[in-house]
Amino acid sequence: MAFFIAELDKEQIMIAGQRKAHRQIWLAIGLALPILLFFATRDLDFSGETEDVGHPDQFVSKMLQNRTLHLKLNAPLKNPSAVVYAIDSKGNPGKILGQLYGEGEYQFILPVDASGISVVDELKNEKIYTTTF
Amino acid sequence: MGLDYKLVLWNKHKKTYDKIIVLGMLAYLVLFFVLSFLINPELTAETVIIRAFGSLAILMLHIILAIGPLSRLNPQFLPILYNRRHLGVSMFLAAFIHGGISIFQFHALGSTNPIYAIFTSNMEYGSLTNFPFQVLGFLALLILFLMASTSHDFFLKNLSPRIWKGLHMLVYLAYALVVMHVFLGAFQQETSPFTMTFLILGFVTISGLHLVAAFKESKVDGLKSSVDDSGWLEVCNVNEIANNRAKIFTVAGERVAIFKYDGKLSAIHNVCKHQGGPLGEGKVVDGCITCPWHGYQYLPHNGQSPPPFTEKVITYELRLSNGIIYINPNGFSEGTEVKPLNY
């Protein structure tokens, strides 16, 4: 049989070789990818409790008269979405006040029962900034 | 089979398949746009376009990767295999739109070179969880571009089938990169249970199909046959082969096709010189063994393509004893004339 194989053109040998290569490649992928994915997700926090991801120095908030909140964003946010929620008296996010689009100054009229505000990235489901009064 | 190259080799069946591909892609995109705007109206149009084309490309890549093992497990899938190249190029176009708009949206509007920005905007190369997933997608797109741009028969002929096939097996690396790209991207950007579930189910299905098909073929390759005193291998009874058809037999790990036609028997190597198609699954048409994949033809008695074509395959000697076919495992050089066996 060895003589027979030696007689074959290398291109022909490759056909059986290809079958072997396919088998080895899929064994490698089948083992390596799940291991990589496991280690990639091992450090993730699935507890659901999130900390603010924004830098506190990015925000300056000040209550004005007539329940008007003045919010200053000092530096651009990394998050693609920033929705401002009023926090109700029970501490839960309630009414949507508006969105932040970039650096600058914003003013929002707060509901009567608001005890603070929360800036949330709706796409990444992350809290960026929270403050209470 | 032709002497010249055409931009696209279309026939009635390929046109039907291509229409299904185009309509399927359009239907998916429309459905994705409608559902996205209904479920999450806050998303911008650019984000929806990026996600629509990205998810379409991944879905098509899964279908493409499933076709090969499905065809090896069940010949009914073979007609889809013949059209896989058009599906592959269409998938690349979807991936290219996804990648192109992403690069423009996230990297081309600043002062840094967008390609340089892909590699430097996130430098957490030491972390698995926060690894720059865009780099993985970019590398996968490069591989898919290489494959799509060399998919034409011109490159198959000029690169040689061996190099071409090796090049196109990079699709498995591209698949691994795409899985990591989506998995890490999804966790870093937006944790979607639907995306994760689809990706994990897809991975289990594709890798499972490939491994099942591989071990089935490995079993066939390992089949032992009776050997007579002169070292010839017993194949089967002559009545087990249908007229104008073949029996595929494994000799030293290689497949040989034994054809029965016009009261004669001939054996040639099972692999077509064009793209590695299984000649033994074809039939004898107008006196020529015709590859079921792309219609390349060979004369049964010498393994040569009829003039003016120049393809040649290895031929084998057969012997008949009490209705049982025996094959000499020592094949002749490609294109060697072997007198057909009368039965």
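## Strand E3 of chain A

In this predicted model, strand E3 of chain A spans residues 83-87 and is mostly covered, with five of its five residues buried.

E3(A) is joined to two strands. Strand E4 of chain A, residues 93-99, runs antiparallel to E3(A) and is joined to it by four bridges. In that pairing, Ile87(A) stands opposite Pro93(A). The hairpin that E3(A) and E4(A) form has five residues between the strands, and Gly91(A) in this hairpin takes a positive phi near 90°. Strand E6 of chain A, residues 116-121, is also antiparallel to E3(A), and five bridges join the two. Here Val83(A) has Val120(A) as its bridge partner.

## Chain B overall

Chain B contains ten helices and eleven strands. Its C-alpha atoms fill a box of roughly 80 × 40 × 35 Å along the principal axes. Of its 343 residues, 46% are buried. The chain exposes about 17,200 Å², and carbon and sulfur atoms supply 64% of that area. Among the contacts in chain B with a separation of 6 or more, 55% are between residues 24 or more positions apart.

Chain B is divided into domain 1, residues 12-221, and domain 2, residues 233-342. The C-alpha centres of these two domains of chain B lie 38 Å apart. Across the boundary, twelve residues of domain 1 of chain B are in contact with eleven residues of domain 2 of chain B.

## A nonpolar patch in chain B

Six residues of chain B make a nonpolar surface patch of about 620 Å²: Val30(B), Leu31(B), Val34(B), Leu35(B), Leu38(B) and Ile39(B). One of them, Leu35(B), is placed in helix H1 of chain B, which covers residues 12-39. Leu35(B) has a relative accessible area of 41% and is therefore partly exposed.

## A three-strand sheet in chain B

Strands E5, E6 and E7 of chain B form an open sheet in the order E5-E6-E7, with antiparallel pairing. Strand E5 (283-285) and strand E7 (297-298) of chain B stand at the edges; each has a single partner strand, so one side of each is left without a neighbour in the sheet.

Strand E6 of chain B, residues 288-290, pairs with E7(B) over two bridges in the antiparallel sense. Within this pairing, Ile289(B) has Tyr298(B) in E7(B) as its bridge partner.

## The salt bridge

How many salt bridges does the structure hold over all chains? There is one. Side chains of opposite charge can pair when their charged atoms come close. Glu334(B) and Lys273(B) form a salt bridge, with their closest N and O atoms 2.8 Å apart. Glu334(B) lies in the loop between strand E10 (324-327) and strand E11 (341-342) of chain B, and Lys273(B) in the loop between strand E4 (264-269) and E5 of chain B, so the pair ties together parts that are 61 residues apart in sequence.

The two partners fall in separate accessibility classes. Glu334(B) is partly exposed, at a relative accessible area of 25%. Lys273(B) counts as buried because its relative accessibility is 15%, and buried means under 20%.

## Backbone exceptions in chain B

Most residues other than glycine have a negative phi, and most peptide bonds are trans. Asn244(B), although not a glycine, has a positive phi of about 65°. Asn244(B) lies in the loop between strand E1 (233-237) and strand E2 (245-251) of chain B, and at 27% relative accessibility it counts as partly exposed.

Asp262(B) is not a glycine either, and has a positive phi of about 45°. This residue lies in the loop between strand E3 (254-261) and E4 of chain B. Asp262(B) is exposed, with a relative accessible area of 59%. As for peptide bonds, a cis bond joins Pro307(B) and Pro308(B), with omega about 10°. Pro308(B) is found in the loop between E7 and strand E8 (315-316) of chain B.

Technical notes:
Residues are numbered from 1 along each chain as its sequence is written. Chains are lettered from A and ligands numbered from 1 in the order in which they are written. This is a predicted model: local features need pLDDT of at least 70, side-chain atom pairs count only at pLDDT 80 or more; totals for chains, interfaces and linings use all residues. Side-chain values use heavy atoms; hydrogens and water are left out. Buried means under 20% relative accessible area, exposed over 50%, partly exposed in between (1.4 Å probe, protein chains only). Two strands pair if DSSP finds at least two bridges between them. Patches are made of residues with over 30% relative accessible area and no salt bridge: like charges are joined within 9 Å, nonpolar side chains (Val, Leu, Ile, Met, Phe, Trp, Tyr) within 5 Å. Accessible areas come from the Shrake-Rupley method with a 1.4 Å probe; for residues, only the protein chains shown count as cover. A salt bridge is a side-chain nitrogen of Lys or Arg within 4 Å of a carboxyl oxygen of Asp or Glu. Contact means heavy atoms within 4.5 Å. Domain bounds come from an automatic or database domain assignment.
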